[in-house]
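Subject: Structure for your review

Dear colleague,

Please find below the structure that I am handing over to you. My notes on what was found in it follow.

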Amino acid sequence: MGEEIEKRMQGDGEIDGEKWVLDSSVDYKGRVPPRASTGVWKASLFVITLALSERLSYFGIAPNLILYLTKVLRQDLKTAAKNVNYWSGVTTLMPLIGGILADAYTGRFLMLLISSLIYLVGLTLLALSQFVPSLKPCGTGICNKPRKIHEVVYFLALYCVSLGTGGQKPCFESLGADQFDSGHLQERKKKLSFFNWWNFAMACGLLLGVTVVVYVQDNVSFGVAYLILATFLATAILTFFIGRPYYRYRIPEGSPFTSMLQVLVAALRKRKLRYPSSPALLYEAPNPSGRFLGHTNSLRFLDKAAILEEKNLLPEQKQSSWRLATVTKVEELKLVLNMIPIWLTSLMFAVCEAQPSTFFVKQGATMNRKVTANFTVPAASIYALAAIGTIISVAIYERILVPFLRKVTGNQRGINIFKRVGIGFVFSIIAIFVAALVERERLRVAKKETIQLAESGHLSMSVFWLVPQYMLIGIADGFTLAGLQEFFYDQVPDSMRSLGLALFVSIFGASKFLSNLLITVADHVSTKAGKSWFGKDLNTSRLDNFYWLLVALSLLNLCAFAFFGRRYAYKNVQRQMTLV
């Protein structure tokens with residue numbers, strides 16, 4: 001396979017839409033430790049360990065959050081679901097700010113360290129809210145009306161976690177992927193595997209969070225669970241800090257938005273100029289690193305920013321950056337703008353992906369969760385099935401499908417990024433379709449077993465009816481998440497890697513607000529039609545109708561994604577590369 005790739009790369013070649021120019025060296029901004037394979041993987045493993053603790057913490061909080069809000073803080077189903085979505089939305093939108101700061105000013109290592117400490121403060125406050133007598137929900141027994149101070153501290157802690165995540169999420173994968181030099185053939189191949197194994201590790205963190213941590217919450221106490229999470233994160237932060245000598249660091253290059261604004265201003269100033277007869281006549285400055293972006297035909301209006309005006313053809317006549325931009329700068333702005341349709345058409349997938357942490361959990365809570373006479377599965381632990389689905393799909397994809405598809409297609413990734421993402425979209429639609437069928441059956445059983453439900457608190461219908469929808473969502477994640485992560489890392493300008501992954505994370509933040517909007521609209525329309533789909537509890541609701549709505553919208557979205565994916569212009573990279 002290595003020989004086949006090398007043959008494809010002799011001279012100027014193209015790999016997955018990226019053009020390459022071979023040379024003997026690649027300039028990497030920042031300090032570069034030796035390229036020993038063990039050193040590269042050791043550095044990435046330090047980052048993965050910290051990320052694993054973040055996933056463990058997040059999924060030690062999120063799955064049971066809707067149960068905590070309804071049972072402890074006494075919120076109704078609709079309010080609790082919205083609060084979960086608001087928190088999840090803020091948590092996954094904050095990385096946009098963290099990504100900008102990391103790329104422009106702090107660097108990824110420092111941003112990770114600071115944000116991890118803030119995250120630790122949030123977990124510590126969560127633990128204190130359960131142990132300190134004056135901060136506990138109430139004195140003893142079940143709280144009919146929890147103390148206001150507890151609500152304040154609890155939500156303050158949750159949003160400290162959001163703030164910490166804002167700095168962590170855009171830097172985890174970008175710092176981990178930075179350890180693999182894209183200009184080095186063997187390391188580039190390892191980087192393609194890195195995103196697959198990254199998702200494998202994150203699924204393991206999810207699995208531990210929704211099983212071990214959730215079990216402690218249900219059978220010991222929330223306070224002990226939060227204390228375990230805080231201890232684990234503190235240990236991971238220390239390990240991450242000790243790993244400093246092994247990392248490759250990319251130096252912050254200032255705000256990328258300045259250069260993008262300069263391109264836009266220059267294009268507007270020269271909007272009346274004619275396009276040159278050939279793209280080769282557009283301006284490109286020498287780059288010490290030997291890396292630049294070739295011209296593409298999309299968004300041609302922006303090309304005018306790189307047109308040399310007649311009076312400025314002489315070398316000694318230096319142009320202002322607000323009047324003349326290089327082709328590389330123009331193409332960087334094109335990359336960001338071309339990502340917008342992909343970002344927008346990924347939102348519905350993320351809306352479907354949000355259901356396991358809200359309504360799926362509530363479904364499970366009403367069903368028979370007994371495995372043996374002495375063991376009952378916590379409702380939130382059913383989420384583990386999604387993690388298992390992701391682990392299985394990633395392992396099969398990486399170890400079986402990719403080697404086979406590389407031979408068939410000659411593509412390093414196995415299949416095109418958008419095809420991989422699209423396959424995940426299809427699995428997510430099937431998952432919600434199955435969820436609608438299961439919910440319809442659950443409502444039928446609930447109608448028959450009203451007395452049993454009142455006496456035992458659950459239906460005779462087994463919680464394992466939810467296995468297919470959780471597994472399908474997990475398989476969808478295994479395809480789509482890795483594909484989108486790779487897309488948003490690879491296709492942004494080099495100076496915006498953290499921001500690129502923040503854009504990926506923000507999909508799931510924006511989707512929470514979109515999910516809330518859909519709930520609000522569906523609630524309003526269904527109420528006017530006679531009966532709301534979202535009653536005081538799940539058995540008086542029509543959640544199956546909401547799922548059918550998601551299926552219909554997702555099918556329309558899949559068509560839009562396919563349309564934009566087929567027309568997407570991949571990053572036209574021309575750079576020096578080492579074949580070692």
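Helices (H or I, at least four residues) and strands (E, at least two) are taken as DSSP runs and numbered from the N terminus. The model is predicted, so local features need pLDDT of at least 70 and side-chain atom pairs count only at pLDDT 80 or more, while totals for chains, interfaces and linings use all residues. Residues are numbered from 1 along each chain as its sequence is written, and side-chain values use heavy atoms, with hydrogens and water left out.

Helix H9 (residues 256-269) contains Leu-261. With a relative accessible area of 44%, Leu-261 is partly exposed (buried is under 20%, exposed over 50%, partly exposed in between; 1.4 Å probe, protein chains only).

Gln-217 belongs to helix H7 (residues 185-219). This residue is buried, its relative accessible area being 4%. Its side chain makes a polar contact with that of Asn-64 at 2.9 Å (a pair of N or O atoms within 3.5 Å; within protein, one must be able to donate a hydrogen and the other to accept it, and residues adjacent in sequence count only if both atoms are side-chain atoms). Beyond its neighbours within four places in sequence, Gln-217 is in contact (heavy atoms within 4.5 Å) with residues including Gly-60, Phe-222 and Tyr-226.

Residues 84-102 are 95% helix and 0% strand, with end C-alpha atoms 27 Å apart. For residues 417-438, the figures are 100% helix, 0% strand and 32 Å.

Yours sincerely
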